[in-house]
Amino acid sequence: MTFFKIQSDWRIILKGIRRRGLMYVMSSPSGAGKTTITRSLLNNNGNLVISVSATTRKRRAGEVNTQDYYFVSPDEFGKMVDNGEMLEHAKVFDNYYGTPRAPVEKALSEGKDVIFDIDWQGTQQLSEMAREDLVTVFILPPTRSELEKRLRSRSRDTLESEADIRGRMTKAADEMSHYTEYDYVIINHDIDEAIAKAQTILDAERIKRRRMVGLSDFVRGLKDGL
Ligand code: 5GP
């Protein structure tokens with residue numbers, strides 16, 4: 001599969017030792033704080049880039065095309081899928097969402113880590129193609145009422161209807177049932193603490209032994225000198 005070719009260039013972290021870039025997936029029901037956590041990680045990690053998804057859903061107030069999403073028509077989306085331009089794609093709510101393949105391949109080939117804000121369906125698909133390079137985190141809200149409060153306060157900014165909010169609450173319940181499929185779970189009762197946990201996971205995963213290429217030669221060099 002062509003996808004694995006993208007890992008041929010690794011980030012050099014020490015003379016002779018390189019690191020495989022990782023794919024950091026964040027999933028959660030909407031309103032659990034995922035966007036805030038993701039933005040903070042991007043601000044604090046120069047080597048981390050976000051995968052901007054394509055979607056057929058309507059742009060919300062304040063969203064910027066090519067920055068928050070590539071807003072495309074259902075026809076354009078279908079063509080991207082047919083041409084193999086999507087790394088994964090899924091129907092979420094009543095719209096289609098997908099991860100364009102090329103920017104992810106480019107970032108990983110430059111030795112960068114890539115963060116994804118995708119649902120459980122997309123996470124499963126990435127897991128099937130690149131499990132070793134994937135780190136998955138599920139973010140949960142602290143209580144149901146807090147989730148509802150966050151959804152309602154956000155809806156004031158995005159002009160969502162009561163029906164949209166109720167729909168998101170129902171979907172949140174579906175989405176949350178998939179938390180067992182993830183490597184890590186963060187319960188977001190305090191946003192700063194949740195951000196710190198997401199950073200800790202990233203830091204630890206970056207120094208996983210299997211991600212360091214050239215380690216055995218490095219250690220041999222250390223032993224030879226003794
Ligand atoms: P929203 O419409 O609130 O921006 O996103 C709705 C859901 O779609 C979120 O759970 C988000 O993680 C998910 N999503 C966004 N982009 C993608 C994507 O490229 N692929 C998949 N599978 N899910 C996505």
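In which sense do strand 5 (residues 54–55) and strand 8 pair, and over how many bridges? They pair in the antiparallel sense, over two bridges, where strands count as paired if DSSP finds at least two bridges between them, and where helices (H or I, at least four residues) and strands (E, at least two) are DSSP runs numbered from the N terminus. This is a predicted model, in which local features need pLDDT of at least 70 and side-chain atom pairs count only at pLDDT 80 or more, while totals for chains, interfaces and linings use all residues. Residues are numbered from 1 along each chain as its sequence is written, and side-chain values use heavy atoms, with hydrogens and water left out.

- Four strands make up an open sheet with mixed pairing, in the order 6-5-8-7.
- Strand 6 (70–71) and strand 7 each have a single partner strand and stand at the edges, so one side of each lacks a neighbour in the sheet.
- Within the pairing of strand 5 and strand 8, Thr 55 stands opposite Tyr 97 of strand 8.

**Strands 7 and 8**

- Strand 7 and strand 8 (residues 95–100) are antiparallel partners over six bridges, and Lys 91 has Tyr 96 in strand 8 as its bridge partner.
- The two strands form a hairpin with two residues between them, and Phe 93 in the turn has a positive phi of about 55°.
- Five of the seven residues of strand 7 (residues 86–92) are buried, so this strand is largely enclosed by the rest of the structure; buried means under 20% relative accessible area (1.4 Å probe, protein chains only).

**Helix 4**

- The buried residues in helix 4 (residues 120–130) are Gly 122, Thr 123, Leu 126, Met 129 and Ala 130.
- Seen down the helix axis, these buried residues fall within an arc of 130°, so they line one face of helix 4; the arc is taken from the directions from the helix axis to the C-beta atoms.
- Their cover includes strand 3 (23–27), strand 7, strand 9 (113–117) and strand 10 (134–140), with contact meaning heavy atoms within 4.5 Å.

**The ligand**

- Of the 18 residues around the ligand, Ser 53, Arg 57, Tyr 69, Tyr 97 and Asp 117 come nearest, a residue being near if one of its heavy atoms lies within 4 Å.
- A polar side-chain atom of Tyr 69 lies 2.5 Å from a ligand oxygen atom, and one of Asp 119 lies 2.7 Å from a ligand nitrogen atom.
- The protein covers 94% of the 510 Å² of accessible area that the ligand has on its own, with areas from the Shrake-Rupley method and a 1.4 Å probe.
- Strand 7 and strand 8 are the elements that give two or more residues to the shell around the ligand.

Terms used:
Buried < 20%, exposed > 50% of the residue type's maximum accessible area, 1.4 Å probe, protein only. Polar contact = N/O pair within 3.5 Å; in protein donor to acceptor, adjacent residues only side chain to side chain.
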